[in-house]
Amino acid sequence: MQALEHFLPQVWFVILALFLLLYVMLDGFDLGVGILSLTADDEERRGILMTSLGNVWDANETWLVLMGGALFGAFPLAYGTILTALYIPICMMLFGLIFRAVAFEFREHSKRKLLWNYAFGAGSFLAALAQGFALGAVLEGIAVDEAGHFVGSTWDWLDWRSILVALTLIQGYVLIGSTYLIMKTEGELQTNHYRTAKIAAVTTLIGAILITIATPIFYESARSRLFEKPLVYVFATIPLLGMLLVGLLLKSLANKEERTPFVWTILIFLLTFIGLGLIVFPYIIPSQITIYQAAASPSALVFMIVFMGVLLPIMIFYNIYNYVVFRGKVVGGHYGE
């Protein structure tokens, strides 16, 4: 039983990391396209951008819902503490997602689309910004008492480091959104997104370098983890691999390749998540509460694994089917007609 109590929280840590990764990659390009829609200079181009998301964005956001439910069931203590500490960023994110959803539907039937255009773009930016603040706050650490309850202030999540993380995440979303649009568009619009992808790749790299430098200096919990053997060799390799992937991404953009930039971007996100996971583990609230302290009972965790074993293949199949059916280019200005 003791071995099971040790093993099950690790399984759920991996499952939650998978949900978060799928959400960031899939809804990440949604948010990136939404932010890029603010730069579109005419209604036809903006319509093409939004049409490229029309049949997939709902499915992408289900991973966020699933992650929230899984966190509540598997690590209820962490769920309560994190939501209390990050009340404002989470509300910002929800408002941003609501603005996006409402604007997306209302714009289709509106004769005056300007308001809904800005609502969609602003909602995407607000949701991405809030997610960056939340990530920065979690890396910074959440103040808790001996029972694991939040004891900090309402604005603990806001400092220059969380702002740096938020701005870098926004650039990452713009990057993955740009590489997605390279696959979905053609002509001048595609050329524009080759350019935005190059700019976003450079700005994301700069932000990642600054975060890499700041992490061991300002995050005490991460410092000991980063220089712990044998993980120190892994953490030394990750930035080198990241630089290699960014170089391959820029080369593919320079060669005007259509699909490989998106693949390289996905691998960059994956590498980043591996690094974050290794820094955080075994804490669910760095560096205060471990996954073992916050975990639900073994029977609850086993029941949820059985439930996820049924639900997860269905969701993955539906997502793959959705992308296969709606593959190909989006052309013409027929959105909303």
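Guide: Of the 337 residues in the protein chain, 47% are buried, meaning under 20% relative accessible area with a 1.4 Å probe, protein chains only. This is a predicted model: local features need pLDDT of at least 70, side-chain atom pairs count only at pLDDT 80 or more, and totals for chains, interfaces and linings use all residues. Numbering starts from 1 along each chain as its sequence is written, and side-chain values use heavy atoms, leaving out hydrogens and water.

Now the core itself. A nonpolar core is a set of buried Ala, Val, Leu, Ile, Met, Phe, Trp, Tyr and Cys residues joined through side-chain atoms within 4.5 Å. The largest one here has 95 residues. W12, F19, W63, F75, Y180 and I284 have the most contacts inside it. Helix α1 (residues 2-37) gives the largest share of this core, 17 residues.

Take F75. Contact means heavy atoms within 4.5 Å. Setting aside neighbours within four places in sequence, F75 touches P9, W12, F13, L16, A70, I284, I291, A294 and A295.

Next, the whole chain. The chain has 13 helices and 2 strands; these are DSSP runs, helices (H or I) of at least four residues and strands (E) of at least two, numbered from the N terminus. Among contacts with a separation of 6 or more, 81% join residues 24 or more positions apart. Along its principal axes, the C-alpha trace spans about 60 × 40 × 40 Å.

Note on methods: Buried means under 20% relative accessible area, exposed over 50%, partly exposed in between (1.4 Å probe, protein chains only).
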